[in-house]
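Start with the structure, then take the points by topic.

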Amino acid sequence: MNELENRKRSAEALFVDEQNRAFREKSRQLRAIGIWAAGLLGLGEEATEAYADKLAGLVISHPAPGVASVARDRVIADLGKLAVAADIDAAFAALEGAAA
């Protein structure tokens, strides 16, 4: 039985490690999106950090499968039509850079 208990503990530890890794990765992704969105909103450095942390904090308050859609909805609501204009500007800038 000792060998079975060791395997069980090992499997549980592996599961916990995988869940922690997934949590940290999703939090980093949402933070990066928050920094990007804050840049589009023209927020200052402190406000950018606060916005990114707020978005990353959604990982804690929402279950894993739905956190991405909740974060997406939040960013869309905050940016409004600004993201579309910024995407168009970026595309034109990329084209101008490629032509030069």
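**Helix packing and confidence**

Helix H1 (residues 2–41) packs against helix H2 (residues 45–56) with the axes 7 Å apart and an angle of about 140 degrees. Angles over 145 degrees would count as roughly antiparallel, so H1 and H2 are oblique to each other. Their crossing is right-handed. The model is predicted.

**H1 against H2**

- On the H1 side, the contact is made by Ser 27, Leu 30, Arg 31, Ile 33, Gly 34, Ile 35, Ala 37, Ala 38 and Leu 41.
- H2 contributes Thr 48, Glu 49, Tyr 51, Ala 52, Asp 53, Leu 55 and Ala 56.
- By class, the residues of this H1–H2 contact split into 10 nonpolar, 3 polar and 3 charged.

**Two residues of that contact**

- Ser 27 sits in H1.
- Its relative accessibility is 19%, and buried means under 20%, so Ser 27 counts as buried.
- Setting aside residues up to four places away in sequence, Ser 27 touches Ala 56 and Val 59.
- Ala 56 is also one of the H2 residues in the helix contact.
- Thr 48 belongs to H2.
- Thr 48 has a relative accessible area of 12% and is therefore buried.
- Beyond its neighbours within four places in sequence, Thr 48 is in contact with Ile 35, Ala 38 and Leu 43.
- Ile 35 and Ala 38 are among the H1 residues that make the contact with H2.

**H1 against H4**

- The axes of H1 and helix H4 (residues 64–79) come within 11 Å and cross at roughly 5 degrees.
- Angles under 35 degrees count as roughly parallel, so H1 is roughly parallel to H4.
- H1 supplies Lys 26, Leu 30, Ile 33, Trp 36, Ala 37, Leu 40 and Leu 41 to this contact.
- From H4 come Val 67, Ala 68, Ala 71, Val 75, Asp 78 and Leu 79.
- The H1–H4 contact residues comprise 11 nonpolar, no polar and 2 charged.
- Leu 30, Ile 33, Ala 37 and Leu 41 of H1 take part in the contact with H2 and also in the contact with H4.

**Confidence**

- Mean pLDDT for the chain is 82.
- A pLDDT of 70 or more is reached by 82% of the residues.
- Which element has the highest mean pLDDT, and which the lowest? H2 has the highest, at 93, and helix H5 (residues 82–99) the lowest, at 65.

Notes: Residues are numbered from 1 along each chain as its sequence is written. This is a predicted model: local features need pLDDT of at least 70, side-chain atom pairs count only at pLDDT 80 or more; totals for chains, interfaces and linings use all residues. Side-chain values use heavy atoms; hydrogens and water are left out. Helices (H or I, at least four residues) and strands (E, at least two) are DSSP runs, numbered from the N terminus. Buried means under 20% relative accessible area, exposed over 50%, partly exposed in between (1.4 Å probe, protein chains only). Contact means heavy atoms within 4.5 Å. Axes are lines fitted to C-alpha atoms, for helices over the stretch in contact, and angles run from 0 to 180 degrees between N-to-C directions. Angles under 35 degrees count as roughly parallel, over 145 as roughly antiparallel, 65 to 115 as roughly perpendicular and the rest as oblique. A crossing is left-handed if the near helix is turned anticlockwise from the far one by less than a right angle, and right-handed if clockwise. Ala, Val, Leu, Ile, Met, Phe, Trp, Tyr, Cys and Pro count as nonpolar, Asp, Glu, Lys and Arg as charged, and the others, Gly among them, as polar. pLDDT is the predictor's confidence in each residue, from 0 to 100.
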